[in-house]
Amino acid sequence: MRLSRATLSRVAPAARPLALPRLTGVVHLGIGAFHRAHQAVYTERAMAATGDDRWGICGVSQRSTDVAERLRPQDCLYAVRAGDEVRVVGSVREVLVPGDDLAARLAAPQTAVVTLTITEQGYRRGQASGQASSPASGAASGPASGAASDPASDAASGPAAGAAAGAVGRLVAGLRARAAADAGPLTVLSCDNLPDNGATLARLVAELCEPPLLAWVEENVTFPATMVDRIVPATTRADLDDMAARLGVRDLAAVVTEPFAQWVIEDRFAGDRPAWDEAGALLVEDVRPYERMKLRLLNGSHSAIAYLSGAALVSEAVGDPAFAGFLRRLMDDDLSPTLDGLDGFDLAGYKESLLARFANPGLRHRVAQIAVDGSQKLPQRLLDPARDRLAGGHEPRWIALAVAGWMRHVTTARELHDPLADRLRGDGTASAAATVHRLLAIEEIFGADLRENEVFTGLVTDALERLTADGGRALLS
Ligand SMILES: NC(=O)c1ccc[n+]([C@@H]2O[C@H](COP(=O)([O-])OP(=O)(O)OC[C@H]3O[C@@H](n4cnc5c(N)ncnc54)[C@H](O)[C@@H]3O)[C@@H](O)[C@H]2O)c1
Ligand SMILES: O=P(O)(O)OC[C@@H](O)[C@@H](O)[C@H](O)[C@H](O)CO
């Protein structure tokens, strides 16, 4: 028996939804696992805290009909398990698929907020304007396509895969319809792991707007920055079986996550919004110190784990004391010194808490999921802090090691999921120096500066040589 409104009575009362909304005030682009375990949960809690039931979510599937096919028969209900706590979430009210009239939803006066989790590559210029960026950017390279076991991701290839490109283009089409309908102000919140995600999205939108529309957008739409944090691995079949046992009904859209969740939002809304602050979100003037800390320490460490640990799961990687020691040095020596604006914040405690979160044995977070799309992740996670260290005359040795690990990955992986895959792959016989020279020349990843920096080039070449020679264990100490 499937989870639905009709079968909710079979679910334990403590696990039933906190709120069942009346209207859909939020449209979300990219209704993957993360949105279901993060913004949708905050939104439901905000409604429960205030009794304001206008904030149901219209989720939009970007790449296939899979998530919609799972959620629609369940009246869009699904459960989130965080540790041992299970709760059915009621904030999603409908799911649109490619071909449905998204513009009409964005033009509806009741819509006040658009949120997005469209992955890093959704913000690439070619993607934004609606062109596929490379042959590898379609069905085969979505984040969960590396997670063949993920049964509830809509990034896997499906009937509408290939129609993926252009989330930002579709957003702009919706803004055009909203301007024509004079439907009022709108807040657009990027919830992807990007630096300055709000401003980045605003720039991409502006590039696609004709002058009158741009004038309307500047007047009526804001793009606040956000920092989002909750580790949400792709759901596996085993997770779904476990959830069925816990719930008493089958849920094909369930998500498993950690108890921790954080959402920091720049307080710059164009109009009305759910009371996310009542649900624990932090509304601040400047998100950047939090965002930088999280992208560098958490996501930077994640990428280092993905390319250097050799483990299958994050928890296994940090369970190895030598590897945990390496992560501490990466964070302490190369990443923390690049952070500022955190006066009074317990950075040492934050780093220890990250290691504890990574070690959570209940989260089967596959390193292969993190390794996907590295070309879109390295710049903000590892290369920007490397630049900061180099500018101060320091040698970012541990970052260089992680970058060398990524180079080894892209030149040796049997299956490479990355929008730049065709330019990254090597023939496996090139010398470390030649590989470093070739890859550092890709300006979309490394800019024009890093290949000119002899210290950085030397550190990465040395690390890649040693990784190739001895697997690099000695390098970790
Ligand atoms: N999973 C996490 O732990 C986590 C934590 C913080 C932030 N995030 C952010 O959320 C994003 C999605 O993570 P997820 O776990 O939900 O992944 P997911 O695979 O479950 O869902 C990804 C969503 O993005 C859409 N998408 C993929 N490629 C796209 C493209 N090129 N253009 C437009 N849309 C595209 C997919 O259709 C899908 O709806 C991440 O890339 C990251 O930026 C994730
Ligand atoms: O989701 P991605 O692909 O941007 O990155 C993979 C992980 O580093 C990421 O999902 C973290 O788990 C998350 O950012 C924690 O909040």
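Two strands pair if DSSP finds at least two bridges between them. Helices (H or I, at least four residues) and strands (E, at least two) are DSSP runs, numbered from the N terminus. The structure is a predicted model, in which local features need pLDDT of at least 70 and side-chain atom pairs count only at pLDDT 80 or more, while totals for chains, interfaces and linings use all residues. Residues are numbered from 1 along each chain as its sequence is written, and chains are lettered from A and ligands numbered from 1 in the order in which they are written.

**View 1. The sheet β9-β11-β12.** Here 3 strands make an open sheet with mixed pairing, in the order β9-β11-β12. Its edge strands, β9 (226-229) and β12 (282-284), each pair on one side only. From one strand to the next the twist averages 15 degrees. Strand β11 (residues 262-266) runs parallel to β12 and is joined to β12 by 3 bridges. E266 has V284 of β12 as its bridge partner.

View 2. One pair of bridge partners is A82 and, in β4, E85.

**View 3. Where the two domains touch.** The protein chain is divided into domain 1 (8-285) and domain 2 (289-476), with bounds from an automatic or database domain assignment. In this view 27 residues of domain 1 are in contact with 27 residues of domain 2 (C-beta atoms, placed from the backbone, within 7 Å). On the domain 1 side, the touching residues divide into 12 nonpolar, 11 polar and 4 charged. Ala, Val, Leu, Ile, Met, Phe, Trp, Tyr, Cys and Pro count as nonpolar, Asp, Glu, Lys and Arg as charged, and the others, Gly among them, as polar.

**View 4. Residues 130-164.** Over this stretch pLDDT (the predictor's confidence in each residue, from 0 to 100) stays under 50. For the protein chain the mean pLDDT is 91.

Definitions and conventions: Axes fitted to C-alpha atoms, helices over the stretch in contact; angles between N-to-C directions.
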